[in-house]
Amino acid sequence: MRCVPCVPVLAIVLLVLSGPVHAGPDASPLEALSALAMETPYDGFTIDNADETLAAFKRLSVTFAGEPADGLAVRLDNWKRLEWMLPTPNGGDYVVSLLFQSGVERLGRFGCVLGGEEFVSEPFNLPAYKWGHGMRAFRVRVPTGQPATRMFVSGKGLYIRRVAFSRVTRPIRYADGRLTRLAPSSYRTVVRRRAEQGGQPSCVVLVPPGAAEADLARKLAQRLRIPARTEPEPGRPFPAYPVADGAGPDTNLILVVGERGGPLLRAMARAGIADGRPSSAWRIRTVARPFRGEANVIVIGGCDGPSLARACEAFAGLVRETDGERVFDKFLTLAPDPAAGGVPVHVRDARAPDDPWWQKYEDNLAKPLAGINWSTPARGFQSFVGKLAAGYWTTGNERYAELCRKYLFKMVQDRAYTTYGGGDDAHMALSTLMRAWDRVEEAAAFSEADRLRIVNYLLDCLASDQGFPRDGGVSHYGGRIRMRHNHQTILGQGLMAAYLYFSRLYELGLADWWKAGCDVLIENGTGWGHAPEDSALYEPGTFREVAEMLHYQGLSTRGAKGTELWPETLTRFLAAVDSFGFPAPYGDCWASFQLTATSFFDVMAEDWHWPAQQFLTDHRIRGFRHARPSDDMASEQRLLRSGSTDIGGTQPPSDPRAVAEALKPLLGLAALPMGRGYYDYMAGTIGNDEAWQKHAKPPVPPYERTADKIQYRSGWGPEHEYLLFETLGWSNHGHMDLGALIHYCAGGRLWIVDSGYKNNGPEHHSMLDLSRDGERAWRKRPNAGALAWSGFLCEGQQLMEVVRLEPSRPGGPGPFRFTCRVNDYAGARWERTVSGGAGKGLQVEDVVTAEKAGTYDAVFRLRFLGALQGEAGRWAVRQKGAVLPVMLGTLAGDRLATSEFQPDKQSSHHTGLYPGYAFIDDPEGKPITLEWRRTVTLRAGQPTVFRAALGPPAKP
């Protein structure tokens, strides 16, 4: 066995800084390189138990410690080996790239057999880390005539997560992990060369299908004396150049957009790299090198036909002669506003030069981490950089770009991305950072040296423990589990943005490895119509992030593999929109009024032609004006900008018939189905294979008798009755809230609310909390291991059985009644029956029947908004202009009390509150809980019953 030197991975950037730029004829047959040196991978595998992975294991003869690999056992201890046979029918240089987890004492080695001799690297690890994620790559020189090459990784506490193979087809670049030459890009666009003849023109005007826009586009082409071509469908995912007749990847494109724009413009707007129609006047923007090749795209937009005509005239006048060419070199040109002395529209709304805001953030640069006091400073940094880039993008003001430059360099200086520099959860804003840089890079504030420095810094971020290596460490959702949780999908969003940038400008093969990981996220992240989280915030966020990975490529989510069940998800997310357009915030929700699903509704309207999006917007504006008038959603500007003409806005209204049909599944009583794959996951039949060999699987009812949520709705106005009921207990980002009344609206008021972020115990929910002989229904799972990260932190019941549902199907308002049941709830069978509708208020009956004899402590809780007063069985919740009577069927010995809102210690956010709610005096909007306690000793089979009647609401 021959060992070859291997330079350790750097603690911060995790890139190997060793190896020559190009291997000569006498180079070692095994050499460590930076993963940045790899070309596009042509093969590889992930360590999981997906069918595709197992097929790859079989094809490559992958073994673990001498046994066929199953994708479950992954830890390499005592120098065990993960081995494979790579087909090498052609001799030459191959690059093997590894994504792994290791640490100071967790070592690994890579080896291979060449010409009958075994070559092994020196040990590698992450020397400054107790535990972290990293990458390593090795060049292997395979001799001619060796059709297959045995390769392996051995380790001492090492985890291998991904392996990729690529060929060396050109002189190796970036072997030391650094870019040394900047990809050229600028706003300078050649519109016409001197004496331009036939062949490939320097620029073409693309003619959209709309009649008015098409005519203006053709006239512009004639004025500029350049060809006009039909605006194409993108055809291939971005960053591929959109093929247009007679144009190539270096042919500049001019797009015109009026009311809607053509297919390419719409795809670019979906991807966030171009603008749609301006809201007023006109705008001309240069998008520098958005595709592979050297072409720029110029977008000329007007809010209406006359404005677009003026924009085309202005553009023709701005094109100038220079060096024998006709060029345009401006980033952003906006229509002058005569009413503001000729200052361009929109720029007049930007910050003035003497605005103290500028100096405030200049001064903050002298503070550690720029004075950003977020719990995760890296996310704050990236968020602010994104805002600066957006300011530049919107106004063209170079001062935004200059401040952005300073903050980027401050990030470098303070190591504000990687975990050991205060970068916890930095990956959650990676897409913001990448998109921000793509928007400002060509600004005059950045010299070429600046740009090269920042590009390499971004590569350091992407190679850090908060970049691509982190993705390999997340194994709790993988393999046959067709879900990916929010930390995976939001990282994927950032990696997709990074792929689009570094692939199109630098042709990095490593970027294609990022893309391959994103493709798996897209296909599997939401394939069951459900994400792991039971949260009105995090689950819609996961869907949005999958959508963004597709949109960044200019693609629609409709028809993409993994989105087939999205229409079912749409109905489930809509069920959490209450009578005022507020979210019913089940699970972890950061803000009581933040409806994360809104962006998902927008996606479904744009990509899937869902007809009720404008109706839902109008519903929210009306509802917020009624119940939270201080919110931006209730503002006059929002009404004019987003509302339809039905409510005094400017947008065209939805088709009433189409809306009625789309929303019919949510009118009346509706049991929202649980995705079958999600049910199998919750039942322990899919995923966590090793863990379930050590732990008892959760008891679950038959799938046919489950629901994800149960909703009742009498209509879509503030005066209508609404209820959301929880049938899931603990799960990822969920709460211990089985059988909870999450949200209840009636009589134009919101009465029952849920708990907010990290306030996840039963004491924060309108439910029955039960203990037997001091043991609660939920218990922390001992030695949970991976299950804790997979949403199975607790033992206990997690799904309720739907026993009765009357009426059995939605379709209209009226009386309703449903019963849900769970067995072995702290040793008892618990049945909760909820009935109401037709203006009769809400009735709740809990029947607890002992399955095991013992002393039961029960707490029946209701969590209200308003002033709560009463005694014994008579209570009332008072809000401005309304009162909700609450009648309790108490027994002798029962104890009743109210408790003020007390967030859990681990909840560092001001969540679970309703500030600005119009019908209470408390400015913080604190809820108050009515606690009805009973201690009773029961024989097996003996019941105890709780009955409560709420409402109907009345005037005080």
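**Loops, a helix pair and a pocket**

Arg225 sits in the loop that links helix H2 (211–224) to strand S16 (228–230). In this predicted model, Arg225 has a positive phi of about 60° despite not being a glycine. With a relative accessibility of 52%, Arg225 counts as exposed, because the cut-off for that class is over 50%. Asp323 is another non-glycine with a positive phi, here about 55°. Its loop runs between strand S20 (320–322) and strand S21 (325–328), and Asp323 is exposed, at 70% relative accessible area.

Two cis peptide bonds also turn up. One goes from Glu806 to Pro807, with omega near 0°, and Pro807 belongs to the loop between strand S32 (801–806) and strand S33 (816–825). The other joins Gly951 to Pro952, with omega near 5°; Pro952 is found in the segment after strand S42 (943–950).

Turning to helix packing, H11 (residues 486–506) and H12 (residues 509–525) have axes that come within 8 Å and cross at roughly 140°. This crossing is left-handed. On the H11 side the contact includes Leu495, Met496, Tyr499 and Phe502, which meet a set of H12 residues including Trp514, Cys518, Leu521 and Ile522. By class, the contact holds 10 nonpolar, 4 polar and 3 charged residues.

Then there is the second largest pocket, with a volume of about 2,100 Å³. It is lined by 45 residues, of which Gly276, Arg277, Glu606, Gln613 and Gln651 are the closest to its centre. Helices that each supply at least two lining residues include H3 (263–271), H6 (377–395), H15 (597–608) and H16 (613–627). The lining splits into 15 nonpolar, 16 polar and 14 charged residues.

Note on methods. Residues are numbered from 1 along each chain as its sequence is written. This is a predicted model: local features need pLDDT of at least 70, side-chain atom pairs count only at pLDDT 80 or more; totals for chains, interfaces and linings use all residues. Side-chain values use heavy atoms; hydrogens and water are left out. On a 1 Å grid over the protein atoms alone, a cavity is a set of points where a 1.4 Å probe fits but cannot get out, and a pocket is an open set with protein on both sides within 12 Å along at least five of seven lines; lining residues have an atom within 4 Å of a point. Grid points are joined across faces, edges and corners, and a volume is the space filled by probe spheres set on the points. Helices (H or I, at least four residues) and strands (E, at least two) are DSSP runs, numbered from the N terminus. Ala, Val, Leu, Ile, Met, Phe, Trp, Tyr, Cys and Pro count as nonpolar, Asp, Glu, Lys and Arg as charged, and the others, Gly among them, as polar. Axes are lines fitted to C-alpha atoms, for helices over the stretch in contact, and angles run from 0 to 180 degrees between N-to-C directions. A crossing is left-handed if the near helix is turned anticlockwise from the far one by less than a right angle, and right-handed if clockwise. Contact means heavy atoms within 4.5 Å. Buried means under 20% relative accessible area, exposed over 50%, partly exposed in between (1.4 Å probe, protein chains only).
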